[in-house]
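Morning, everyone. Please look at the screen while I talk.

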Amino acid sequence: MLKNRNLINADDFNVEEINEILNLAEEIIKSPSDFSNLCNGKILGTLFFEPSTRTRLSFESAIHRLGGDCIGFSESASSSTSKGESLADTIRTVSNYTDIIAMRNPKEGSAVLASSYAEVPLINAGDGGHQHPTQTLTDLLTIWMTKKRLNNMTIGLCGDLKFGRTVHSLIKAMSRYENNKFVLISPEELQVPDYIKIFLKSKNIEFKEVEKMEDVIGELDILYMTRVQRERFFNEADYVRLKDSYILDNDKMKLASDDLAVLHPLPRVNEIATEVDSDPRAVYFKQVRYGVIVRMALILKLLGVR
Ligand code: CP
């Protein structure tokens, strides 16, 4: 039962619950007009203490497409946080104005703290370098719609695997489906944190770490590209040295299989050349569309409307 639940971590929902959301998302894709009034009278709060284009606007688009309304802010400076109000008091307050809240906050662990004060379902829309579970739902829907399966795949993740919260969540999510293996492509300084490697080893899931994309791109069913996360570096010189470690271009795509799917949570900086956008294997703009659909499905489930 998903009604009235929070979504803080990618593994808060079991596989059956995730599949329920993906199935509902597929229903929405087939017949969007059947869903256009289901949230009449419902209000979503979007509390964004950190910048966002896709996550905030896709939540807002989702509630509008369901017939509901939306209130919120897009930066701390325009909220009473700038006057020193605590997160707990902000959440207690907004619980009186809304039926469901989506929150992004740069502090790791802020979402779980906020959920302990919320009187309505709370969705973590990104908490620092920790988790971004609705991006994971978006990624799962994209893989499902592109490949028609979530198992038996070799998944390459490339770029900033250290700070990329979407990477950590996706590895955990795809580990729950049978026979997936991972190829982790990054410079040494940006490898996935040890806790992810310990997790994979504890589940006997096959993975390898490599530095050169060209050596492995031909083995992959999915290539998940990520940007180097400038805002999480302590040192600008390190960012400048590492920012262009990987640039996927048409020459590298020639080494890949015909049914590779290239995903990227976006925003993109330099890591995918724009010439790749017209390659049918590039699905990152379809992924943006699936991000709205899957958030519609999630809102419906958490509000208990479906
Ligand atoms: N993918 C993603 O989280 O994008 P935004 O930072 O624009 O929300």
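I'll go through the ligand site, then a database record.

First, the ground rules. This is a predicted model, where local features need pLDDT of at least 70, side-chain atom pairs count only at pLDDT 80 or more, and totals for chains, interfaces and linings use all residues. Residues are numbered from 1 along each chain as its sequence is written, and side-chain values use heavy atoms, with hydrogens and water left out.

Which residues are around the ligand? They are S52, T53, R54, T55, R104, H132, Q135, P265 and L266.

Where do they come from? Domain 1 (36-131) and domain 2 (134-287) each give at least three residues to the shell. Those bounds come from an automatic or database domain assignment.

Now the polar contacts, meaning pairs of N or O atoms within 3.5 Å. A ligand oxygen is 2.7 Å from an N or O atom in the side chain of T55. An oxygen of the ligand is also 2.8 Å from a polar backbone atom of T53. At P265, a polar backbone atom is 2.8 Å from a ligand nitrogen.

How much of the ligand does the protein bury? Alone, the ligand exposes 250 Å², and the protein buries 91% of that. These areas come from the Shrake-Rupley method with a 1.4 Å probe.

Last, the record. An unreviewed UniProt entry lists K83, R165 and R227 under "binding site". Such annotations may be inferred rather than shown by experiment. These residues spread over 145 residues of sequence, and up to 33.1 Å between C-alpha atoms.

Key. A residue is near a molecule or strand if one of its heavy atoms lies within 4 Å of it. A polar contact is a pair of N or O atoms within 3.5 Å; within protein, one must be able to donate a hydrogen and the other to accept it, and residues adjacent in sequence count only if both atoms are side-chain atoms.
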